[in-house]
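Take a look at the model below.

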Amino acid sequence: MDERTDETVAVYDADGNVVGAAPRSRVYDEGLWHASAGVLVRSTDGRRIYVHRRSDAKAVFAGMHDCLAGGVLDPGETPLQAATRELREELGITGLVPEPLASAAWDGEWAGRPLRCHLFAFGVSYDGPVRHQPEEIIDGWWWTDGELAAHLADPQWPFVPDTRVLIPNLLRPFDE
């Protein structure tokens, strides 16, 4: 299903309060505030982060890299519920309870339109198999914090701008 069809998502105000629901296409077209939850998957030894490339079919940030498996909140869904759902859907990881890591509001732009989102980042430790949902993710790999930071230092590297807002709270100091 195309993300821009009639899927309904929760709509927020600028202060982070749920104020209703609207089709995803309207949220993106009109720049309505909404929320997304994502999960940083870190190896159990804490030394690596799972980084992935988004599908070229995504409505927003198509083909860009990210280190959070995530998506928008459905009506009535909490950020933790959305994070758990997205972890299962995008990476096939189940049986873990994501822990809160960071949150922020992002008032940015995408494709010439405003894009406003309350961001909720969670984390899990995991070393098991990863199974990509092909409609969402086309490739993925493990990097150290230093490797990810080095790529992020290149402004030309296509990394999702909303996760960039959370990066200072997600990456650990590194010696690389």
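**Strands, rings and loops**

W142 is partly exposed, because its relative accessible area is 24%. The model is a predicted one.

Start with strand β3, which spans residues 34–42. The strand is mostly covered: nine of its nine residues are buried. In a regular strand the side chains alternate between the two faces of the sheet. Which residues of β3 lie on each side? On one side are H34, S36, G38, L40 and R42. On the other are A35, A37, V39 and V41. Both faces are covered, and the residues on them are all buried.

β3 also has partners. Nine bridges join β3 to strand β8, residues 113–125. These two strands run parallel. Here R42 stands opposite S125 in β8. Five bridges join β3 to strand β6, residues 68–72. This time the strands run antiparallel. In this pairing, A37 stands opposite G71 in β6.

Now turn to the rings. A pair of aromatic rings is described by the distance of the centres and the angle of the planes. The structure holds six aromatic pairs. One of them joins Y50 and W142: the ring centres are 5.2 Å apart and the planes stand at 75°, so the pair is edge-to-face. The cut-off for that name is an angle over 60 degrees. Where do the two residues sit? Y50 lies in strand β4 (residues 49–54) and W142 lies in strand β9 (residues 137–143), so the pair ties together parts that are 92 residues apart in sequence. Y50 counts as buried, because its relative accessibility is 7%.

W142 has another neighbour. The charged end of R48 sits over the ring of W142, 4.8 Å from its centre. Elsewhere, ring pairs link W141, W143, W157 and F159 into a cluster.

Most residues other than glycine have a negative phi, and most peptide bonds are trans. F61 is not a glycine, yet its phi is positive, at about 60°. F61 lies in the loop between β4 and β5. A111 is also a residue other than glycine, and its phi is positive too, near 55°. A111 is found in the loop between β7 and β8.

A111 counts as exposed, because its relative accessibility is 62%.

Definitions and conventions
Residues numbered from 1 in each chain as written. Predicted model: local features only at pLDDT ≥ 70, side-chain atom pairs only at ≥ 80, totals over all residues. Heavy atoms only, no water. Phe/Tyr/Trp six-rings, centres within 6.5 Å; stacked < 30°, edge-to-face > 60°. Helix = DSSP H or I, 4+ residues; strand = E, 2+ residues; numbered from the N terminus. Buried < 20%, exposed > 50% of the residue type's maximum accessible area, 1.4 Å probe, protein only. Lys NZ or Arg CZ within 6 Å of the ring centre and 35° of its normal. Pairing = 2+ DSSP bridges.
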